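I opened my notebook today to look at how parts of a protein meet.

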Amino acid sequence: MKLGVCYYPEHWPETWWADDARRMGEMGLSHVRIGEFAWSRIEPEPGRLEWDWLDRALEVLGDAGLKVILGTPTATPPKWLVDSMPEMIALDAGGHPRGFGSRRHYCFSHAGYAGECDRIVTQLAERYGQHPAIVAWQTDNEYGCHDTAVSYSLAARDGFREWLRRKHGTIAALNQAWGNVFWSMEYRDFAEIELPNLTVTQANPAHELDFRRFSSHQVAEFNRRQVAILRRHSPGRDVVHNFMGFFTQFDHHAVGDDLDVVSWDSYPLGFLEQFWFSPEEKRRYQRQGHPDIAAFHHDLYRGCQREGRWWVMEQQPGPVNWARYNPAPLPGMVRLWTLEAMAHGAELVSYFRWRQAPFAQEQMHAGLLRPDSVDDQGAHEARTVAAEIAALPDPGPPPRRVALVFDYTAAWVTDILPQGQGFSALRVAFEYYSLLRRLGLDIDIVRPGTDIAGYALVVVPCQPICSADFVASLTGLSAPVVFGARAGSKTADFAIPAELPPGPLQSLLPLKVVRVESLRGQPCEWLEQVETGLDEAGPGIFRHGQLYYVSRYPIDPQIEQVIASVAANAGLDCIALPEGLRLRRTGNLVFAFNYGTESVDLPPGALGKFVLGEPRLPPAGVAVGVAR
Amino acid sequence: MKLGVCYYPEHWPETWWADDARRMGEMGLSHVRIGEFAWSRIEPEPGRLEWDWLDRALEVLGDAGLKVILGTPTATPPKWLVDSMPEMIALDAGGHPRGFGSRRHYCFSHAGYAGECDRIVTQLAERYGQHPAIVAWQTDNEYGCHDTAVSYSLAARDGFREWLRRKHGTIAALNQAWGNVFWSMEYRDFAEIELPNLTVTQANPAHELDFRRFSSHQVAEFNRRQVAILRRHSPGRDVVHNFMGFFTQFDHHAVGDDLDVVSWDSYPLGFLEQFWFSPEEKRRYQRQGHPDIAAFHHDLYRGCQREGRWWVMEQQPGPVNWARYNPAPLPGMVRLWTLEAMAHGAELVSYFRWRQAPFAQEQMHAGLLRPDSVDDQGAHEARTVAAEIAALPDPGPPPRRVALVFDYTAAWVTDILPQGQGFSALRVAFEYYSLLRRLGLDIDIVRPGTDIAGYALVVVPCQPICSADFVASLTGLSAPVVFGARAGSKTADFAIPAELPPGPLQSLLPLKVVRVESLRGQPCEWLEQVETGLDEAGPGIFRHGQLYYVSRYPIDPQIEQVIASVAANAGLDCIALPEGLRLRRTGNLVFAFNYGTESVDLPPGALGKFVLGEPRLPPAGVAVGVAR
Amino acid sequence: MKLGVCYYPEHWPETWWADDARRMGEMGLSHVRIGEFAWSRIEPEPGRLEWDWLDRALEVLGDAGLKVILGTPTATPPKWLVDSMPEMIALDAGGHPRGFGSRRHYCFSHAGYAGECDRIVTQLAERYGQHPAIVAWQTDNEYGCHDTAVSYSLAARDGFREWLRRKHGTIAALNQAWGNVFWSMEYRDFAEIELPNLTVTQANPAHELDFRRFSSHQVAEFNRRQVAILRRHSPGRDVVHNFMGFFTQFDHHAVGDDLDVVSWDSYPLGFLEQFWFSPEEKRRYQRQGHPDIAAFHHDLYRGCQREGRWWVMEQQPGPVNWARYNPAPLPGMVRLWTLEAMAHGAELVSYFRWRQAPFAQEQMHAGLLRPDSVDDQGAHEARTVAAEIAALPDPGPPPRRVALVFDYTAAWVTDILPQGQGFSALRVAFEYYSLLRRLGLDIDIVRPGTDIAGYALVVVPCQPICSADFVASLTGLSAPVVFGARAGSKTADFAIPAELPPGPLQSLLPLKVVRVESLRGQPCEWLEQVETGLDEAGPGIFRHGQLYYVSRYPIDPQIEQVIASVAANAGLDCIALPEGLRLRRTGNLVFAFNYGTESVDLPPGALGKFVLGEPRLPPAGVAVGVAR
């Protein structure tokens, strides 16, 4: 695994560049990402391209032996461009413009802006496509950040109508698919259809789901155009995009299919603070992040690239600026997060950013260097871990032991119709993942329809829409499969299946969910009334051969116990880990990570022969062993 | 009492209709409501009316012996109609359109839309006004649902100006009435007046109150036009509208005055979750609803029709889809709610809906039948209760024992100027009602000015504006009258009376409220400083002969004790009921309902001779006795 | 010190005026403020001025010996004026108009409205500038109330562009100062710059800060125009404006520089309820207000006028109407607040208002008189305190013992980039102030750059931007100076100083803040990592000679202890006061105020010889002594 860093030469005096590059190399970094917000410097006026500074920057970085990942600048179109086509701005659900002044101020559906992106990406790729320092391209930056995957602009409305026409063919088919007879919502023509915002009460969920699909499609299409241009002009380089954490506004599998490498931006402390974790968890893990946040995304995004190639494009190096509260990582956490990415198979971990910028929006976001260019804590840990990585044996391929199925459409379905406040397919997936990890298991997060032969255990936390392909992929498996509540509860058109939930899964599991209820709680308590002749493996947990259906949520000790027992029976080596400790096996290495605030003793024998660390792990400690 | 169900033939294959109708009859249902959302099927294109399907549906239902309530479809105008007059859309208080895509997307003040409603209602009434299966008409559906009684459109603004001109005559009179000299808000002409939204801080409360009155007037006017058409073309049939729960955005007494029957839509579990109840109450009663929610509305809406005719048009049959959390009713609750409606004098209880729709917005809303047409829990209970009702003696007329005065204007006054967060006239009325019910009393909720001679006790929980007629109706009563805080605290023009609160009530009660204060709490604690020579019947409770003034809120044990003693002295039979148990007398029958989760023993002798149930009531249990 | 009252002759029958004026005098009031909302009565139609009523009102008041403060009516332009120039309306951050119907419905940047204000103020000043009854003018009313200091209108945008051009000179200089290279936010021309609202995510903080400065500048400019007109036509009268509590949307020092007297509107109970105090404090002090709220503002606003002249223009006389909960003051509090203003040097305390208005928005706001003209509690206390004040010795000049530095720009900086939720420079200043007051100290709140020679102790709670002048003012002081966290953490252009925080203060304090973190809490916990060779005077408290840097927040007992010890060593007489008790020395008088709900014994000897009250203070009690 290699290390890298995000760098913005345009932010610093040119006289600093060479020294910065030299220090990167000395720190053990081999890669540097640049350029993704630099449009106003590349093209300060319409049509006037200024390449000189970028030529020089690439030369300096290349001369220092650094490998460059060059970003396309389309996340931040300059003001002159926006002024030339003001309707390129996205509108929010309230119909308000999301204008210039920060970033991502564009609508994915605007043809004029797409043309400008084609132009600038082509110009960039033509100029640098063959540059020896460039090893990869990043398209745009964090698609969807700040809720930008969805726009309610006129361009989006027109695009949606056309997309619906292509999908449904006739307006009668659409009316039928959506159930528009309900509340007289029937249309006579695709041109009558509006976006599902500004309605008096909730729009038709089928309408909303198709709009989410359309919006996701627009993101993938936008990315695909850049990928095609970059591949044409820069063959042999990796094309990559950087995804975010706990973000489901577009189908990352679809975008990942067009990429050579999937990457993501890992900010464990910010994610802990901003998401659904309890106040107690937020306090306990405030300087470490919840022990499953980074790993969950590593395993999720590895599954978003067909060959499993993935990077961390941005790794938190210190306090960030964007959460409600922004603690400093416990000393050692930057090292821990880096080694954990390695344990999950990353090819690269790139820190964000080289030097803390003293100006503009992110001035309180730490870098490896302080604003005064002195090494910050992150730099010390990067240097240490670079040496450790170099000394470790090759981690080998990831194991294929437990497959956990996750699907972006599932998240849209529970967003649109939670039925109980706080029910979210993403959260459910995370909580099943966490349960398995507390048992010491290694998990692949896969999309439905993936070939899952060979896994010892398959878990499907929340999969409302089950396609025929997905059902086929589960048919005849010898491994146990555990389904969580709401499996098969919706058709592709967002209706309850005629045969009732779990719909097509009834061919595997002879049971019917005849009623659901949700009770107060955070997350909501979810209970299903099941009609079946099957026995219960636990309260509300039905078993049919190797198939299990967990009709309840949230996960409680009874569910944990059943799953632990299923896993053990499937030959998996389950260990009840102490709070905050996590293990990860890959190849013949076993990694252990202590996310807790107390020292912990590793389970005897769990790591085999130690090649890093010791059996007693301090807070933020890491140990690595070679399995016997 | 009869049973019925809400049915949407347009949602199901025509081949199912006959079997559905047959099963309704077998289940003990005699009535069926249809049609209220079917405009797009009745008139799929402008001017092209398609009656055939509706003719056939009525024929099938009529042939099965069912009595049909036909709804006018004006709650859901089709898209083509909206596109033909886009300014018919209501605007919210922020000035944003509330557009097509769900329901109730119209402004009550738009003349063009009113004309279209006249047309379609006339066409419907002309065609089916004499149809033998039709016994009643429902106008529109749930006026005001999703906060739609109030609109801030241009049509509303123009209508409001005209309404003000008719009410106040001259602009000088309006300026005087509102006190516009305060903050230079004086107008020179009615054409200068805007709606009271989008102001920098709160608008003049007199301005707001007149706008609430106007908005309510527009709803009544909208309804009255439909009633007139239906009466003209379909004489002899009942005209009814279905009101909602805990909803005060228009004057239901005024709308009720134009109806033959008032009905309401009873969803006890959703109302418990969505309203002001404490987390503890929400947990305790999650599967039953608070024991006074259904009864409160039964008694309120019975009082909204001059002859006391009322129905439950929609009765919750299982979990709903629209609350934050949606529990399933405890088994037996559907039966209990049905019998409770009978005990309060309903002529009809109609379940919503026949079969759970597997598509569109309400796909998670239970029906009597599951989506796969199998009887759901609600069907079993409907069948049971239908037989029980048939076997019970006639309930006889409601008693006239306790009158509780409620007025919609009071709710507007406390909405507009709560003075202490959480103070709401509706909530206060409910809490006094609940207090009286915990004493085992039977209550009529009446509008101010109703003839209340003959009642043993009169309670006026919160009546800020006291008209001369109301004061006259209380003068010379022999029964005790209990007034809650804020009585007589405002003039009709939303000012403090010159003689201070309780204003005109001082002719009955020699006291003055010289100061009020509100303290932190949920609801707020409300304390009045009273100047009087009267004695206190309890702390802050002043007595003058048979008249009592409770100057505090919320209700506490001291207030309860005084009221219990007043009731007992008035000859009422007070019983301190166990938590969750409620009684209701009507004619010579006594009903008992157990809303608790534990079995409870009825007070010995409370029910006389049992004709249903036993002295020990299980959870969701009902007993009926004949008074000796 | 004199007493006065706010009076609205236009609200009452003219026949009442003379009696009202007589009663004011008898109550001990010498001043009366009138006219500030009367535009619609002064000019009921464009150009038609009606002076007669105001002539008569002034005559009646003057004849009764009252001194009149006449307000300009520009906070409430009439509807006809707004309709003549609709674009004078401010827009909120969402782009929505803040229209007519309450007050303050204007944009400070609108040239047309500014012209109308010039006209009406000129006409008013020409007519009454030499009137013998008039002793002072109030400009407008409560600038910024209801968040009106900032507007996002086109007029504001154009004004902002021009202001930026004047400030930065060239667009290149602005791009450099703001760091617009970050995220391609660079502009080619000032005409490309938008207001910092409606952006996708946070705008550049430098952009926001300049917009806050511009908005503040517009307020000061608006006020300055009125002051100039009034001085021209009414020489020798004081010009005053009434500020609010806990309000920082414009630079009150800048506005104060143009005034003869600074006044503020003191509502201790409402401020307690609406601001950051804990639920426990809100309950404990619900009828008194937090013991430091009034004093903090007295000391703050005394510092906003160059000669220290200040008034309370509106003093809460009973319950108000605008907080979530509106308790009545404990009997005695109106007297206490009045004497406390005297203790802090006020020249005048004016009660708001004479008689409670029974109509319009503030009908639940108490006056000295009840709506029925009977004396309310406030009147009794005003009468008492008027006599007491007359009997007290002259309070003498305020002491110069402790200077606490506060700057409005600091509040904007922490608003814009709190970095930890709940961190607010205003709150930090209040909490340091409160700490010092609990030690029995007397404080001047001064702007940075004030001459602070002669103070025994200087405290700088939160001063992110430290100008060279400010640093110079601290250089060579013999008194100890205590700096709170974030001192010197930003340049004037909202960047981190090149030498890191505390930036230019490093010339005084040899330390560097190399990292900050914020942790969950309300307020957030703020921790700084400091690089220094200095010793710690306590955990995280660094000392260099007489200079202290407190790198943590919130204030805890360790910080309190260090500051108490610094104060004691500086020769200040520190007393650990009981909860709720406060002292204030001025001249040779010592005042004691009991904000608690229990009686309390004064520290022996603390007051010297008693001239008012006794050593045991009841709740709401006041004592005054002459220092020996």
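**Entry 1: chain C against chain B**

I noted before anything else that this is a predicted model. Then I asked how many residues each chain brings to the contact. I found 58 residues from chain C and 45 residues from chain B.

Next I looked up the area buried between chain C and chain B, and it came to about 4,500 Å². Carbon and sulfur atoms give 54% of that area. I also wanted to know which residues of chain C lose the most area to chain B. They are Y325(C), Q361(C) and M364(C), and together they make up 17% of what the chain C side buries.

**Entry 2: charges and polar pairs between C and B**

I looked up the salt bridges here, and the count between chain C and chain B is seven. I picked one to view up close: the side chains of D376(C) and R515(B) meet at 3.6 Å, N to O. With a cut-off of 4 Å for a salt bridge, this pair therefore qualifies.

On the chain C side, α2 (39-42) and α4 (79-84) each supply at least two of the residues that touch chain B. Sorting that side by class, I got 23 nonpolar, 18 polar and 17 charged residues.

**Entry 3: inside chain A**

Which domains does the assignment give for chain A? I listed domain 1 (2-146 + 237-391), domain 2 (402-569) and domain 3 (584-626).

I then turned to domains 1 and 3 of chain A, whose C-alpha centres lie 30 Å apart. In their contact, 22 residues of domain 1 meet 13 residues of domain 3. The two domains bury about 1,300 Å² between them, with 67% of it on carbon and sulfur atoms.

**Entry 4: what links domains 1 and 3 of chain A**

I found one salt bridge across this interface. The side chains of D299(A) and R584(A) meet in a salt bridge at 3.9 Å, N to O.

Which elements give two or more residues to the domain 1 side? I wrote down α12 (293-302) and α13 (333-343) of chain A. The largest share comes from α13(A), with eight residues. By class, the domain 1 side divides into eleven nonpolar, five polar and six charged residues.

Terms used:
Residues numbered from 1 in each chain as written. Chains lettered and ligands numbered in written order. Predicted model: local features only at pLDDT ≥ 70, side-chain atom pairs only at ≥ 80, totals over all residues. Heavy atoms only, no water. Contact = heavy atoms within 4.5 Å. Buried area = accessible area lost by both parts, 1.4 Å probe. Helix = DSSP H or I, 4+ residues; strand = E, 2+ residues; numbered from the N terminus. Nonpolar A, V, L, I, M, F, W, Y, C, P; charged D, E, K, R; others polar. Domains from an automatic or database assignment.
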